[in-house]
Amino acid sequence: QGSATAARTLARPSPLPGGMLNAPLSTAIVVAVYCACSALMLIVNKLAVAHIRAPAFVTFAQFAATALAVKVAHMANFIEVDSFDSRKLMHFSIYVIGFAAGTWTNMRVLMTTNVETVIVFRTIAPLAVAVFDYVFHGRDLPSLRSCLAMGIIVAGALSYVLNDKSFAVSGLRAYVWVVVWLCFLIFNLTYGKYLVSGLGVSSWTAGQYN
């Protein structure tokens, strides 16, 4: 889940001298780094909960480490963090609850299932987020080519579920925690976009509030 903060930070890359990065290349780098962070966090979280067996503690440790890192970097003048705003904090408090719940349920999922299941269900999130972007953010619906691509992803996810041994043994009960986590993930992605773009906070400030 820490990859979400990294993605928001990288989503606003600083211009390099001489225009070294054009828009397509910059976007490709952001996507590649986000994928790497997301994959590494899944592996690290899986190892952490496998050895510690305390998802709440692992979640708290991640939040505390993130807040401390942002605070230290701000005090050392490496980054800029917006001043405290109670109005923004009110909006972020809703997101923090959803983000904490999503992180905790993600840990529970990793305790009871494998990383492959998490990856498969995570691929479904963009399809729901694309619809919510249209409804709540006024953005265009995905093009036909994008819809076909996401349809192929969903078909792959359904194929995985139908061939999963856990589903064959326990049915839909095997995916209760995964579905709960997916709902929180979709909410966080949709509401998080509003917070960063609608409230005009910097990426580091968003990380500090989280």
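**Close-up 1. Lys193 and its salt bridge to Asp133.** Lys193 has a relative accessible area of 29% and is therefore partly exposed; this class lies between buried, under 20% relative accessible area, and exposed, over 50% (1.4 Å probe, protein chains only). The model shown is predicted: local features need pLDDT of at least 70, side-chain atom pairs count only at pLDDT 80 or more, and totals for chains, interfaces and linings use all residues. Residues are numbered from 1 along each chain as its sequence is written, and side-chain values use heavy atoms, with hydrogens and water left out. The side chains of Lys193 and Asp133 form a salt bridge with an N to O distance of 2.6 Å; the term denotes a side-chain nitrogen of Lys or Arg within 4 Å of a carboxyl oxygen of Asp or Glu. This pair joins distant parts of the chain, as Lys193 belongs to helix H9 (residues 176-198) and Asp133 to helix H6 (residues 125-136), 60 residues apart. Helices here are DSSP runs (H or I, at least four residues), numbered from the N terminus.

**Close-up 2. The salt-bridge network around Asp133.** The structure holds 2 salt bridges. Through shared partners, Asp133, Arg139 and Lys193 are joined into one network. In the bridge between Arg139 and Asp133, the closest N and O atoms are 3.9 Å apart. Arg139, at 38% relative accessibility, counts as partly exposed, whereas Asp133 is buried at 8%. Apart from its neighbours within four places in sequence, Asp133 is in contact (heavy atoms within 4.5 Å) with Gly138, Arg139 and Lys193.

Close-up 3. A search of the whole structure finds 8 aromatic pairs, defined for rings of Phe, Tyr and Trp (its six-membered ring) whose centres lie within 6.5 Å; planes under 30 degrees apart count as stacked, over 60 as edge-to-face and the rest as tilted. The ring centres of Tyr95 and Phe99 are 5.7 Å apart and the planes meet at 25°, so this pair is stacked. Tyr95 and Phe99 are both buried.

**Close-up 4. The packing of helix H5 with helix H7.** Two packed helices are described by the angle between their axes and the distance between the axes. Helix H5 (residues 115-122) packs with helix H7 (residues 144-162) at an angle of about 145°, the axes lying 9 Å apart. Axes are lines fitted to C-alpha atoms over the stretch in contact, and angles run from 0 to 180 degrees between N-to-C directions. On the H5 side, the contact is made by Glu116, Thr117, Val120 and Phe121, and on the H7 side by Ala157, Tyr160 and Val161. These contact residues comprise 5 nonpolar, 1 polar and 1 charged; Ala, Val, Leu, Ile, Met, Phe, Trp, Tyr, Cys and Pro count as nonpolar, Asp, Glu, Lys and Arg as charged, and the others, Gly among them, as polar.

**Close-up 5. Ala206 in helix H10.** Ala206 lies in helix H10 (residues 203-209). With a relative accessibility of 0%, Ala206 counts as buried. Ala206 and Leu195 are 11 residues apart in sequence, with a C-alpha to C-alpha separation of 8.2 Å in space.

Note on methods. Helix = DSSP H or I, 4+ residues; strand = E, 2+ residues; numbered from the N terminus.
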